[in-house]
Amino acid sequence: MQKFSGKTVYNNIAMGPILVMKNEDEPVVRLHAEDPQAELSRVEAACEQAKEQLQVLYDRAMETVGEESAALFEVHQMLIDDDDFQEAIQSAITDDEVNAEYAVQTTGESFAQMFAEMEDEYFKARSADIKDIAGRIVRNLQGRADVDFGSIEPSVIVADDLTPSETVRMDKDKVLAFVTVHGSTNSHTAILARMMNIPALIGVPMDLDALQTGMTAIVDGFAGEVTFEPDEDAKAYAQKRIAEEKEKAALLQQLKGQPTVTPDGREIHLYANIGNVGDLNYVLDNDAEGIGLFRSEFLYLGRNDFPTEDEQFEAYKTVLETMGEKKVIIRTLDIGADKKVDYFNLDEEENPALGYRAIRICLTQPEIFKTQLRALLRASVYGTLAIMYPMIISVDEVKQIYAIVDEVKAELDAEGIAYKDPEQGIMIETPAAAIISDDLAQVVDFFSIGTNDLTQYTLAIDRQNNKLDAFSNPHHPAILRLIQMVTENAHKYGKWAGICGELGADPELTETFVRMGLDELSVSPSMILKVRDNIRRTPYKAD
Ligand code: PEP
Ligand code: MG
């Protein structure tokens, strides 16, 4: 039995087998192939394995996201079988007498380069696919195959850290808890854990090489501890605690269908944050009154090319249709900083959180923005859409956005495509936006305060760096005063203000937010009923 402490990012308790995910790339070195024939057979087996993996991904994508997205995996299977690609690998092995890994990697690089230099946009985009399949074959050769979430038991994910694109690929029914060496309270892994109502610990000083997939672990978010290979007593105690937590959750279920209203009658809209269409189940299960933040950038993660207008349209339409008359606030893409996507070809930056991200990308590459806006407006007829823009710092940016939205509307009008005029609001997640919120309130329909970024920028504390947790105070008076000021400025101009950052679900602040007069809180689905319970106990007017 081995116990480690870490920092809890979500309170719950779970027990199960661990799945150790090591994501560091193993370097590929050039070796002399003593037996080229054996290397050729290894490549053949690794390619077969890759095609089987892609078939699994294809089948799952067909079920979950539809044919258009699934087709990519079919393209990958075909690329593996491409004669030129295979011949180039074979000749590297037989003529240059190099090892299989080196032959595949260098062939992948030169083909990717060749595609990248092509004029045709379609072929250019295949460059990332070639890199992807070469990487997959190399990982298979190194015995580091992808985890097939379809066939594993529900597991505790143990990793150094997880990127948003890794978590996006996970089959959520198969994840019992997250335990990472690195990571931070506001990372997207933490956000996902909250969504899924599963315990998560970060900053756990464990040695991944000493752990093996299949070992048992207890993850106790309440105690901030993970125990590997627990003894019988520890297992029995964990089982008892798991049952108790289930019981508490069952009690909260009674609040389903009840209004979110203070004892003195002030109604607060209690919405949910989601990242994917698949998260809608959590929204419905927890009786959210709408969606206050759909992080649309998740549609762009974990893939090799931009989602098409139609792919986006289908996703937005599904969310809007599912929610019916309930409001759905979709945030336009917030790529950059920790959410990296290769095909955006973003430069490495010294300070990515202060860099070229979110609305800055959309305003300088309007073709990307317009595709998303077209998809959103086309989908608007299927429900009650509101659009929200991230990382705003000025009124001028809002005006530029409106000009682009007007262009898109004019295009749709010309094509005879129907749309409904959505509410348009902004995230208040920079100190600049909070400070000029009286000006901004005059040009937008609503504010949604992104406390995750607002905190990082106001306190000058990187939200990804858990070494700074000791300095970070999420209840810092500077943050609370900014929230108060933003709410008052919204109300001064008859607009509504909500919070969609994680602070909105903090039970210690429910009273503060109710008293400040916030109109909406958007929280992870798993927190909806807890926050509703708190609001129903908190009078708006202090005695
Ligand atoms: C925020 O910054 O508070 C927010 C809700 O956006 P994200 O966490 O996606 O940056
Ligand atoms: Mg943000």
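A: **Helix packing and strand order**

Helix H16 (residues 451–459) packs with helix H17 (residues 477–492) at an angle of about 125 degrees, and their axes are 10 Å apart. That angle makes H16 oblique to H17. Angles under 35 degrees count as roughly parallel, over 145 as roughly antiparallel, 65 to 115 as roughly perpendicular, and the rest as oblique.

The model is predicted: local features need pLDDT of at least 70, side-chain atom pairs count only at pLDDT 80 or more, and totals for chains, interfaces and linings use all residues. Residues are numbered from 1 along each chain as its sequence is written, chains are lettered from A and ligands numbered from 1 in the order in which they are written, and side-chain values use heavy atoms, with hydrogens and water left out.

Helices (H or I, at least four residues) and strands (E, at least two) are DSSP runs, numbered from the N terminus. Axes are lines fitted to C-alpha atoms, for helices over the stretch in contact, and angles run from 0 to 180 degrees between N-to-C directions.

Back to the helix pair. H16 and H17 cross in a right-handed way. A crossing is left-handed if the near helix is turned anticlockwise from the far one by less than a right angle, and right-handed if clockwise. From H16, the contact uses Thr-451, Leu-454, Thr-455, Thr-458 and Leu-459; from H17, it uses Ala-478, Ile-479, Leu-482 and Ile-483. Contact means heavy atoms within 4.5 Å. By class, this contact of H16 with H17 holds six nonpolar, three polar and no charged residues. Ala, Val, Leu, Ile, Met, Phe, Trp, Tyr, Cys and Pro count as nonpolar, Asp, Glu, Lys and Arg as charged, and the others, Gly among them, as polar.

Two strands pair if DSSP finds at least two bridges between them. Strand S9 (residues 269–274) and strand S10 (residues 291–295) pair in the parallel sense over three bridges. Asn-273 stands opposite Leu-293 in S10.

Helix H12 (residues 366–379) and helix H13 (residues 395–415) pack at about 55 degrees, with axes 10 Å apart. That makes H12 oblique to H13. Their crossing is right-handed. On the H12 side, residues in the contact include Phe-369, Leu-373 and Leu-377; on the H13 side, they include Ile-401, Val-405 and Leu-412. By class, nine residues of this H12–H13 contact are nonpolar, none polar and seven charged.

Then comes helix H10 (residues 309–323). H10 packs with H12 at about 40 degrees, with axes 8 Å apart. H10 passes H12 in a right-handed crossing. Phe-313, Tyr-316 and Leu-320 are among the H10 residues in the contact, and Ala-375, Leu-376 and Ala-379 are among those of H12. This H10–H12 contact has six nonpolar, three polar and five charged residues.

Now the sheet. An open sheet of eight strands has the order S1-S8-S7-S3-S4-S5-S6-S2, with mixed pairing. Strand S1 (2–5) and strand S2 (7–10) are its edges, each pairing on one side only. Here the twist averages 30 degrees from one strand to the next. S2 pairs with strand S6 (residues 200–202) in the antiparallel sense over three bridges. Lys-7 stands opposite Ile-202 in S6. Helix H8 (residues 232–252) packs on the sheet, touching strand S3 (13–21) and strand S7 (216–220), and its direction makes about 115 degrees with that of S3.
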